[in-house]
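User: I'd like to go through the salt bridges and pockets here. Can we start with the terms?

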Amino acid sequence: MTVHVPTSPAFKENAHRALHDEALQRALGNVEVGFIGKRKKASDKLPEFEALRDSARDIKNHTLAHLDLYIEAYEEKVRASGGHVHFAPTSADARKIVADICQRVGARTVAKGKTMISEEIDLNAHLEAIGVQPIETDLGEYIIQLRNERPSHIVAPVIHLNRDQIEANFRAAHEGLPEDRDLSAPESLLAEARAMLRAKFLAADVGITGANFLVAETGSSIIVTNEGNGDLSQTLPKVHIVLASIEKLVPTLDDAAQMLRVLARSATGQEITVYTTFSTGPRRPDDVDGPAEYHVVLLDNGRSAMLAGEFRDMLRCIRCAACMNHCPVYHAVGGHAYGWVYPGPMGSVLSPSLIGVEKAGHLPNASTFCGRCESVCPVRIPLPKLMRHWREREFERNLSPAPVRYGLKAWGFFARRPGLYRLATRVGMAGLALIGRKKGRFRSLPLAGGWTATRDLAAPQGGTFQARWKAERTKR
């Protein structure tokens, strides 16, 4: 597997290709069909859903305001349960920590539950470089691994693919199986993937999972899945590694329960996911299964800097993907156009924070500012406002195209001088009228009155503007 270099600087080119990719455009139709209606139905059935969104926002705000204390409390509880907490300031640190654990226990294969942090730090390529084979066990991530791609969606990684494409990938990768086997139904694809992965679960030396939440009160990690692969990845291998970023902390189990009530409804329209698994430390003497070692790798990778700045609200994100499910830009170009791990509106804010506005400065411009993302966010992140902040940063650092910068500066100059603005608009409209008459588009335009202070055309002599305009059209 190759290292995935961010292509966010080429967003415009990526988007152009996506718009002309017929197979992708067919697949993207499933985003709106598969998510929006289900979320609305699930939220409408819960009268207190809006109040829960307020509560989820407040829980995250409180946690972020006291994050240092909750990290210390969480670390203490994990160690008391027999586990280990490792702090990783950067992606390189996180990769090294995981690699050192794998090499110390002599791991040859790693079973992975879905973890966006492993995508963020490009862990798979690093493990392969040291002779450890990572196996993605989430069905969507497994398909992505076969294709050597990044996920295009943080909940449904293969939303950009059609069934025929997935069937072709399975036939190419699963050697030794009958060529005439029937893979025409989703159930048959799932059954084949399950059969291929079962031996991988049993052979894995290390299991790696992400975490939807980390509970400071108990030192527990929580992972939600609909396939059960998260459970197998953390109970069968002799070592379990949790990869999570620092903002995944919540104070108590009650807080986690409230977060779970908005997570599934916002993500997939479910009341709760099929599997919601709490893990606390390694196997105890009377446990029938579980790992002998339990490690948590807490990744910072720029998040501490976000805590102190104007993008702090983004750290409330619980990775439900509701924003991208409702985003017209995402519906048009899909996730890969964004060029890195996090697509859609949340990626347009988070990616510049993590990899820099120089690389991801185009992403905040990929928005209609319709506000749908903010209206459905379960923790009420003001995504349009945060994207505007990034646009301001991009402009201040002269990263925007020159015509855009000069045009905005010119507009700002006139906008601060109302009298000059009115004069300029009168001149501009008169010029347009002159051009129009020369081209024969219309005979005259009532411009003598100019613009009013409210930027409406003044009524000309001889009647209202509408009446005069109608009369002018009748003369032609």
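Analyst: Buried means under 20% relative accessible area, exposed over 50%, and partly exposed in between (1.4 Å probe, protein chains only). The model is predicted, so local features need pLDDT of at least 70 and side-chain atom pairs count only at pLDDT 80 or more, while totals for chains, interfaces and linings use all residues. Residues are numbered from 1 along each chain as its sequence is written, and side-chain values use heavy atoms, with hydrogens and water left out.

User: Fine. How many salt bridges does a search of the whole structure find?

Analyst: The search finds 24. A salt bridge is a side-chain nitrogen of Lys or Arg within 4 Å of a carboxyl oxygen of Asp or Glu.

User: What does Glu 120 pair with?

Analyst: Arg 303, with the closest N and O atoms 2.8 Å apart. Glu 120 is in helix H6 and Arg 303 in helix H13 (residues 303-307), so this pair ties together parts 183 residues apart in sequence. Helices (H or I, at least four residues) and strands (E, at least two) are DSSP runs, numbered from the N terminus.

User: Are Glu 120 and Arg 303 buried or exposed?

Analyst: Both are buried.

User: And what about Arg 104, which residue is its partner?

Analyst: Glu 293, and their closest N and O atoms are 2.7 Å apart. Arg 104 belongs to helix H5 (residues 91-104) and Glu 293 to strand S10 (residues 293-299), so the bridge ties together parts 189 residues apart in sequence. Arg 104 is exposed, at 51% relative accessible area.

User: What lies nearest its centre?

Analyst: Of the 48 lining residues of the largest pocket, Lys 114, Val 155, Ala 156, Pro 157 and Glu 227 lie nearest its centre. H2 gives the largest share of the lining, five residues.

User: How does the lining of the largest pocket divide by residue type?

Analyst: Into 27 nonpolar, 13 polar and eight charged. Ala, Val, Leu, Ile, Met, Phe, Trp, Tyr, Cys and Pro count as nonpolar, Asp, Glu, Lys and Arg as charged, and the others, Gly among them, as polar.

How values were computed. On a 1 Å grid over the protein atoms alone, a cavity is a set of points where a 1.4 Å probe fits but cannot get out, and a pocket is an open set with protein on both sides within 12 Å along at least five of seven lines; lining residues have an atom within 4 Å of a point.
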